[in-house]
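New notebook page. I want to get my bearings in this structure, one look-up at a time.

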Amino acid sequence: MKKVVVLMALLSCMYPVLAEEYKTITCYELGGLEKVLPKEELRAITHLKLVGNINNLDLQYVSAAVTEWNVLQVLDLKETGVSIINNCFCKNESLEEVRLP
């Protein structure tokens with residue numbers, strides 16, 4: 001019985017990492033993405049759309065977080081005015097698509 005309980009606990013801890021989630025985040029403040037999107041939420045997001053005011057600090061924040069978990073597959077930046085910084089997502093193995101403005 002203990003083995004079953006331990007297995008269930010382990011599986012419930014893994015769920016957020018394996019979950020597929022589509023999320024749209026609107027940023028009103030440059031460099032403020034961390035305030036509206038905590039790192040803990042990023043671990044379950046596979047498709048992230050950012051809207052509004054973001055800058056290189058915000059992109060570095062997303063890059064560092066998603067590189068740690070390698071879950072993000074699509075990053076949509078079409079509705080932002082940001083330009084990509086060199087090598088921003090080079091260590092992310094899961095990222096398949098980046099949609100630029």
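This is a predicted model: local features need pLDDT of at least 70, side-chain atom pairs count only at pLDDT 80 or more; totals for chains, interfaces and linings use all residues.

Entry 1: I began with strand β2, residues 45–52, and it is mostly covered: six of its eight residues are buried. Buried here means under 20% relative accessible area.

**Entry 2: who pairs with β2?** I looked up both partners. β1 and β2 run parallel and are joined by seven bridges. One spot I checked there is Cys-27, which stands opposite Gly-52 in β2. Then I turned to β3, which pairs with β2 in the parallel sense over five bridges. For His-47, the bridge partner in β3 is Val-74.

**Entry 3: on to β4.** Strand β3 covers residues 74–80, and three bridges link it to β4, again in the parallel sense. I picked out Leu-75 and found that its bridge partner in β4 is Val-98. A reminder to myself: strands of a sheet pair through backbone hydrogen bonds, either parallel or antiparallel.

**Entry 4: the whole sheet.** In what order do the four strands lie? The order is β1-β2-β3-β4, in an open sheet with parallel pairing.

**Entry 5: stepping back to the chain.** I counted elements next. The protein chain has four helices and four strands. Read from the N terminus, they run α-β-α-α-β-α-β-β. Of the 101 residues, 36% count as buried. I also checked contacts between residues at least 6 apart in sequence, and 62% of these join residues at least 24 apart. The accessible surface comes to about 6,500 Å², and carbon and sulfur atoms account for 56% of it.

**Entry 6: a nonpolar patch.** Which residues make the nonpolar surface patch of about 220 Å²? Ile-84, Val-98 and Leu-100 do. Val-98 was already in my notes as the bridge partner of Leu-75. Leu-100 sits in the segment after β4. Is Leu-100 buried, exposed or partly exposed? Its relative accessibility is 47%, so I noted Leu-100 down as partly exposed.

Entry 7: I found Asn-70 in the loop between α4 (56–69) and β3. With a relative accessible area of 29%, Asn-70 is partly exposed.

Entry 8: Last stop, Glu-41, which has its place in helix α3, residues 39–42. At 30% relative accessibility, Glu-41 counts as partly exposed too. How far apart are the C-alpha atoms of Glu-41 and Glu-21? They are separated by 9.7 Å, while the two residues are 20 residues apart along the chain.

Entry 9: Start from β2, with six of its eight residues buried. Then follow the sheet in the order β1-β2-β3-β4. After that, find the patch made by Ile-84, Val-98 and Leu-100.

How values were computed:
Residues are numbered from 1 along each chain as its sequence is written. Side-chain values use heavy atoms; hydrogens and water are left out. Two strands pair if DSSP finds at least two bridges between them. Helices (H or I, at least four residues) and strands (E, at least two) are DSSP runs, numbered from the N terminus. Buried means under 20% relative accessible area, exposed over 50%, partly exposed in between (1.4 Å probe, protein chains only). Contact means heavy atoms within 4.5 Å. Accessible areas come from the Shrake-Rupley method with a 1.4 Å probe; for residues, only the protein chains shown count as cover. Patches are made of residues with over 30% relative accessible area and no salt bridge: like charges are joined within 9 Å, nonpolar side chains (Val, Leu, Ile, Met, Phe, Trp, Tyr) within 5 Å. A salt bridge is a side-chain nitrogen of Lys or Arg within 4 Å of a carboxyl oxygen of Asp or Glu.
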